[in-house]
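Dear colleague,

I am passing on the structure below, together with some notes for a reader who has not seen it before. Please look it over first and then read on.

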Amino acid sequence: MKKLALFFIGLLAVMFVSCNDYETYAEQRDRENSAISRFIRDSSITVINESQFAEQGYTTDLDKNEFVLMKSSGVYMQIVRDGCGEKIKNGETTTVLCRFTERNLLTDSIQLTNDILAFASIPEKMSVTNTNGTFSASFDTSSSLMYTFYSSASVPSGWLIPLNYIKVGRQVSSDDEIAKVNLIVPSTQGHQYASSGVYPCYYTITYEKGR
């Protein structure tokens, strides 16, 4: 896996070095914002603001393909399922298991996923702490695909935004469903390669309480 990770990271460097050599940061951000706008348009996404999100009981209408724009971060979030169990309490530290797919919106290609058979037994494991509604988290480096590919245990800030609105539990009956969200994450809220390459990612992520 490590050799594959190094090959993958090398490809990322080749993909973005030419752009970074000739574009200013402002131009790269414009390119990123254009990619986000194009994805929203092409995906027929309806963007709502945080006030409307609150009025709807912190839900997004899937029939309208609604995403809420979290203004302070620039992250767009769609709650597909709000989950079973309970929200992570203030002062609590817990283990959260995630399955995810990461799509680079500049290249319109899947970069990384553990939601496939090859990684069926290796969900992303992270230790999450809630401090007065502000979440911090780190990946378990012994089994993390994100750590293997991006060489950082830091969880992208964009991944943590849903935790204020979803419940993180485990399926104990056939009626239980774990939380699932879709996210458009700008480079400023992404992992270090997204940040340095100035590219946005689209994520589908499930959140489940670890044992």
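Please keep in mind that this is a predicted model.

I would begin with strand β9, which spans residues 201-209 and is mostly covered, since seven of its nine residues are buried. Strand β4 (residues 93-104) runs antiparallel to β9 and is joined to it by nine bridges, and within this pairing leucine 97 has glutamate 208 of β9 as its bridge partner. Strand β9 also pairs with strand β8 (residues 179-185), again in the antiparallel sense, over seven bridges, and here lysine 180 stands opposite threonine 206 of β9.

The aromatic residues are the second topic, and the structure holds nine aromatic pairs. In one of them, phenylalanine 53 and tyrosine 58 have ring centres 5.3 Å apart and planes at 85°, so the pair counts as edge-to-face. Phenylalanine 53 is buried, with a relative accessible area of 1%, whereas tyrosine 58, at 43% relative accessibility, is partly exposed.

The rings of phenylalanine 139 and tryptophan 159 are also edge-to-face, because their planes lie at 85°, with the centres 5.6 Å apart. This pair links distant parts of the chain, as phenylalanine 139 belongs to strand β7 (residues 134-139) and tryptophan 159 to helix α5 (residues 157-160), 20 residues apart. Phenylalanine 139 counts as buried at 5% relative accessibility, and tryptophan 159 counts as buried at 0%. Finally, ring pairs link Phe139 and Trp159 with Phe100 and Tyr203 into a cluster.

With best wishes

Technical notes. Residues are numbered from 1 along each chain as its sequence is written. This is a predicted model: local features need pLDDT of at least 70, side-chain atom pairs count only at pLDDT 80 or more; totals for chains, interfaces and linings use all residues. Side-chain values use heavy atoms; hydrogens and water are left out. Buried means under 20% relative accessible area, exposed over 50%, partly exposed in between (1.4 Å probe, protein chains only). Helices (H or I, at least four residues) and strands (E, at least two) are DSSP runs, numbered from the N terminus. Two strands pair if DSSP finds at least two bridges between them. Rings of Phe, Tyr and Trp (its six-membered ring) pair if their centres lie within 6.5 Å; planes under 30 degrees apart count as stacked, over 60 as edge-to-face and the rest as tilted.
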